[in-house]
Amino acid sequence: MSSPICILGSGANARQIAANLLPTGQDILIASEKPISNSWPSSSNSELEVLQEARLISGKGSVGGYRLVFARGEETLARDVSGIILAENGAREPSGFPAGLIGSERVLPLSTFKKALNGDGLPENVTTVAFLIGLAGESNPIICEEMMQACLDLQSRLSIQTYVLTDNLKVAGEGLEALYRKTKEAGTFFMKLTGHRPEISRQEDGIAIEFADEVTGYAFKVTPDLVVADESILPPSETQGLSEILRLDLGRDGFAQADNVHRLPVQTNRTGVLSTGFSRGILNRECLARDADLAAMAAISLPQKGSVLPEDRALIDTNACVKCLTCYRTCPHAAIVIDARISVVPEACERCGICAVECPRGAISIKGFEVSGIPEKSIRQTSRAGEHGDLSIIAFCCSRSASKAGELASLMRHRLPSGLQIMEVPCAGGISYANIFAAFLNRADGVLLLTCHEGNCHSEYGNVFARRKADYLQTLFPALGLAKERLAVRTLSSNMGKDFAEIVNGFEDTLRNLGPLQLIGGETMTQKQQEKRHDCN
Amino acid sequence: MTNKKVLIIGSGAAGLSAAVDLARWNIDVDLLEKTHFPGGHAVQLSCKAVKECVKCGACLLEEKLAFALEHPRITIHTGTQITDISKGQRFTWNAEKQPSFIDPEACTNCGACLESCPWPGALVHGSSRHHSPFYAIREENCRYFKDQSCQRCREVCPEGAIQLNTKRKRHAGEADAVILTTGFKTFDPKDKPYGYGIFQNVVTNMELERMLRQNGAVFRPSDGRRPERIAFIQCVGSRDAKLGHLWCSKVCCGSALRMARFIKHRESDADITVFSMDVQTFGRDFQLVYAAMRETVRLVRAIPGDFFQTENDRLQFAYVDNQHPELVEEAFDLVVLSIGLVPNPETADLARMLGLSSPAGGFIDSARPPVTHGVFPAGTVKGPMGIPESIADAGSAAWQTLQYLQMEARGANNV
C-alpha cells in the first residue's frame, strides 16, 4: 500500500477532495493550522488521519516520498506521504474603506455585513444601504455576486433601499448577468462611475455620498444609514510559509501557483505538490467544485517512485560533482534532492537541461542532450542550407514553441531563408554558451535563440536563462570581432507560424547587411574553447 | 481501467482535453469532430503575447492536439456528425462521415490545390501544424459538386491525392459513457445594427483573431491597408435583454484588450478605442494589465449606435461620452465587434437524445446530471468559458466519467 496523500486545509474544498479520494482506496492525511471539525467522510477501504492545529515546519523529499514534520503545541509529528495537496481557505481583507469614515460604526466590510444580514441582525432603523464596490481597485465576480445577493435580499425581503456605487461591475460568472437584472428590477440603484470617485463625508446626522451621474451630468447625494465597504480576496495566510518549505513558485498575486498556463489547472512547479481552490487563486463556486475533481484525478495520477528510469532523465556524475548546489538552486522543478549525495528525482525531472548547462563541473548529463557542441544529426535543415552564397542561420528552437511554429510556417508556405537550420532543444534554458559558439564554428553567419514567451516556459525560467546568456555573450562579441546582431533572442508560441517566418527572414536581412561571417583565428578559438569547455558550459 | 470506451462529441478545447485525460487511464476514446479540422474555435485563436505571455491558453490546444493524434487509444473522426444515439446496455451511435476528398496518405501539404482553386470557400486550410492534411474540400462551395465543371485541384495535385469521388460514409459505434462537448456558436452580428455584412470594414473579434494568426498583423478588408483608428465594440449579442441573452460571454473583454495591446505593440501609431459596458476581469494579472492598458488604449463606457460608412470606407457612429455627457460622432478605419458566445443549435437534438435538460435553445443546464446517466456535458456547451476554464471543466467531467465507469464495473461484478 502506498503512503497517504496529505491535504493541507480545513474547509469544504479539503473535505471534497478527501471525499473524492477515499473511495479509490487512497489513504489521506488532513492537516491544518486551524481547528478542524470532526465530520469527515470515511471509507471502508482506506484510512483517514486528521491533524488539527498542526503547522508544517519541514517538508523534505519528492513525489512519491515526502517526510513532513508538523508542530502541534509542544510536540512535533512526522508523517510520510506520497503527495501533497494545498486546499486552504482564502482570506478576506477590507479594501477601499472610505478614508473619511474610518472608525464609523455605520461602515461594515462586506463579510461582516453579510454575517449581520444572515444572522446577528442589522442595526435598528436602517432604511438605506450603500455598497461601495470596485472603486478603489478592480473587483471580481465573487464579491459582486455576494453584493448583488445582499442587495436583492435587502430590497425584496426587508424593503431596504440599496445603492451600488461601482466602476466595472463584474458579471463574468454563471448567472450573474441575470442576477444583476433581477437586482435592478427589485429596486437597487446602480451607479457606475468611470472617471471620478464619489465624495464621502461624515456628517452630524450620518454619512453623505456625493457624485455626478456620468450620463446626465446631474449631481446626486445619497445619505445611507449604512455603508458596505469592499473586500479583497487574498491568498490563504499559510501560503507564504508553505511556499518556502515546499519550494513552490508563487504567482504575482501571491497565490501558490505560478502565473503560467502550463501549471493549470492544479499543478505547481513541483510534481507531487498540487494547488487547489483558494490556495491557487480567486475562484468562484463552479471553479471550486471542479478543483476537487481535478485534484483527485491529479493526485491518483502522480507518478510512483521508480516509474521513470534514472537514465532517461538528468544524471549526476558523483565523481565530478563538488556539491556546489548550482543544480539544486537552478532546477525549476525542484527535482534535485540533497541527501548524503546530490541526486535527481527522475519522476520530477522534465529534461529541460538547465542543470546540465549551469553545472560548472559539467557533471550532469542527459541522454540525447549535447551541452558542449552541436551533434550533426540533431540539426534539421529546412532547405538546401550551406549552398553557395546562402547565409547560414542556426536557430536553436524550443521544442514546445518555436520549433512547432517553424513547422507551421512551412505548412503555411511562408518563404524561409534557404540557409536556415533548426536545432530543436527541449527548453531554451538548456542552450549553453558552448552550443552557441559551436554554431558559429559550424559556419553559421548568425545564431537565433527562439524561446517561449516570458511566463509561458514549461520550465519557468528557461527562456530567461537563454536571454541572459545571449546578453552576456553580446558583451564579449566586440572583443571577438563579432557583430552583436549576429546573435538574437526572440520569443514565439507554437501557433505563430507567420511570426516565425518574419523573425527568421528579418534576421536574414540583418545578416545580409553584415555580410558573411569571417572567423579570424577560428582555429585558435576552437582550441581554446575545447580547453575551456567546462568553464563555458 | 480496460475495455471501456467513451464517446466524446466535439473536439474543441473541452473535448480534446477530456480525451487526453481519459486516454491516460487506458480508456478508449472515439472523438467526433464535425469539421475537417480538430480543435474547435480555440485552435483558430492567435497568440496575443507581447514578449510576455498573456495567458489566454490558445497554445495549450497545440499540445493537446499533438497528444491526442499520437495516442493509440484516441481515434479522432473528422467530418463526422452524429445522426442518432441511444442508451441500452451501452450507448449505441450512428454518424455520417463527410469526406475531405484529400487522401491523407498521399497528400504532402504542398498547397498546390489551394492555389489553383478559383471558388471561394471551396478549398479550406487548417490552422495548426497538427492538421494533416492541412487542406480539405468543402462540398457545399466546390464547383465540382454542382456541375462537375471544375477539377482544377485534382489536375494540379502532383501526388494524385485529390479524390473527388469519395462517398459519404455511415459510421457506427458503441460506448460506455458519453461526454458532450459541442461547444458554442458565435453570435451572428447581422442581427444588430452595426452594419456587419454591409460595410466591409466591420469585422468580428473571431475574424480578427484568425487574421492575426494568419498574418501577425491587422488589415482592412476593403483595401488591405493597415487601419489607423480601430474601435472595438464589446457585448455584441451578450448581456442583451432584448435578445434574451442574459449572460456575459466572459472571454471577449480579455480577447479584445489583449488584441488591442498586441496591435498597439506592433503598430505604435494605432489609435484604439474599446467601447464597453463594464470591463470584465480576465487572468490573474488583470489589475496590472488593465492599469497599463489604460495608458495606451482608450476605454469608453458606452454602446455606440447610428452606424454609417463615410469616404474611404471608414465607419462613423455616435455615442454618449460618459466623461463629458454629450453626443460624440467619430470615424474609424476598422470596427471590431466582440461577438458573444451563444448556444450551439446542434446541441439541442443531441441533448434530447441523451436526456439532458437544456432550457429551450439555451446552454445545457450546468447543474450536474445524475451520475447514473453516463452522460457528462463539459466546456462551453454549458455556458461561456475561456480556454483554461473549458480545459478544467473537461478534467472534472473526465473524473466523473471515471467514477461512473468504475461504478458500472462494480455493479456488473456484483451481479
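Which backbone oxygen does the side chain of Ser275(A) reach? Keep that in mind while you load the model, which is predicted.

**Stop 1: Ser275(A)**

Select Ser275(A). It sits in strand 18 of chain A, residues 273-275. The side chain of Ser275(A) reaches the backbone oxygen of Ala256(A) at 2.9 Å. Now colour by accessibility. Ser275(A) has a relative accessible area of 0%, so it counts as buried, the cut-off being under 20%.

Next, bring up the surroundings. Beyond its neighbours within four places in sequence, Ser275(A) is in contact with Leu86(A), Ala256(A), Pro265(A), Val266(A), Thr268(A) and Arg280(A).

**Stop 2: the interface of chain A and chain B**

Zoom out and show both chains. Select the residues in contact: 70 in chain A and 67 in chain B. About 5,700 Å² is buried between the two chains. Carbon and sulfur atoms give 52% of that area. On the chain A side, pick Arg290(A), Leu411(A) and Asn495(A). These three lose the most area to chain B, together 12% of what that side buries.

Turn to the polar side of the interface. There are 29 residue pairs in polar contact across it, with both residues at pLDDT 80 or more. Salt bridges number 10. For one salt bridge, select Glu407(A) and Arg129(B). Their closest N and O atoms are 2.1 Å apart.

Now colour chain A by helix. Helix 6 of chain A gives the most, with 9 residues. You will find 22 nonpolar, 24 polar and 24 charged residues.

**Stop 3: helix 7 of chain B**

Switch to chain B and select residues 252-266, which form helix 7. This helix has 15 residues. From first C-alpha to last it reaches 21 Å, close to the 21 Å expected at 1.5 Å a residue.

Is helix 7 of chain B mostly covered or mostly uncovered? Mostly covered: 12 of its 15 residues are buried. Among them are Cys252(B), Cys253(B), Leu257(B), Met259(B), Phe262(B) and Ile263(B). Arg258(B) and Lys264(B) are on the buried list too.

In chain B, the partners are helix 6 (205-215), helix 8 (286-296), strand 12 (229-236), strand 13 (271-276), strand 14 (298-301) and strand 18 (334-339).

Key. Residues are numbered from 1 along each chain as its sequence is written. Chains are lettered from A and ligands numbered from 1 in the order in which they are written. Side-chain values use heavy atoms; hydrogens and water are left out. Helices (H or I, at least four residues) and strands (E, at least two) are DSSP runs, numbered from the N terminus. The expected span of a helix is 1.5 Å times one less than its number of residues. Buried means under 20% relative accessible area, exposed over 50%, partly exposed in between (1.4 Å probe, protein chains only). Contact means heavy atoms within 4.5 Å. Buried area is the accessible area (1.4 Å probe) that two parts lose on being put together, summed over both. A salt bridge is a side-chain nitrogen of Lys or Arg within 4 Å of a carboxyl oxygen of Asp or Glu. A polar contact is a pair of N or O atoms within 3.5 Å; within protein, one must be able to donate a hydrogen and the other to accept it, and residues adjacent in sequence count only if both atoms are side-chain atoms. Ala, Val, Leu, Ile, Met, Phe, Trp, Tyr, Cys and Pro count as nonpolar, Asp, Glu, Lys and Arg as charged, and the others, Gly among them, as polar.
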